Amino acid sequence: MADGQGAPSGSKTPSDFLKSIKGKPVIVKLNSGVDYRGILACLDGYMNIAMEQTEEYVNGQLKNKYGDCFIRGNNVLYISTVRS
């Protein structure tokens, strides 16, 4: 508990993870099964997400491309980083 926030030193919280991936490529999976892939621009405490250079995938197939997109947090199943 060296960092003063109650977490053991060396461990990361979900909040730390979300802060570390801003500006990086991510995959956002919705409860409906649709994936959005793009650059994470920002997110808030309600998990509302703003993305740039976004692509929409349905059943693994590219369906649409968007410049910017906004996803309401209650639709989000998970956020994952893109592995290279």
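Strands here are DSSP runs of E with at least two residues, and helices are runs of H or I with at least four, numbered from the N terminus. The model is predicted, so to speak, throughout: local features need pLDDT of at least 70 and side-chain atom pairs count only at pLDDT 80 or more, while totals for chains, interfaces and linings use all residues. Residues are numbered from 1 along each chain as its sequence is written, and side-chain values use heavy atoms, with hydrogens and water left out.

Asn 48 sits in the loop that links strand S2 (35-43) to strand S3 (49-58). Despite that loop position, Asn 48 is buried, at 16% relative accessible area (buried is under 20%, exposed over 50%, partly exposed in between, with a 1.4 Å probe and protein chains only). Its side chain gets to the backbone nitrogen of Gly 73 at 2.8 Å. Beyond neighbours within four places in sequence, the contacts of Asn 48 (heavy atoms within 4.5 Å) include Cys 42, Leu 43 and Phe 70.

As for the sheet, 5 strands make an open, antiparallel arrangement in the order S4-S3-S2-S1-S5, where pairing takes at least two DSSP bridges between two strands. Strand S4 (61-71) and strand S5 (76-81) are the edges, each pairing on one side only. S1 (residues 25-30) pairs with S2 through 5 bridges in the antiparallel sense, and Val 28 stands opposite Tyr 36 in S2.

Note on methods. Polar contact = N/O pair within 3.5 Å; in protein donor to acceptor, adjacent residues only side chain to side chain.
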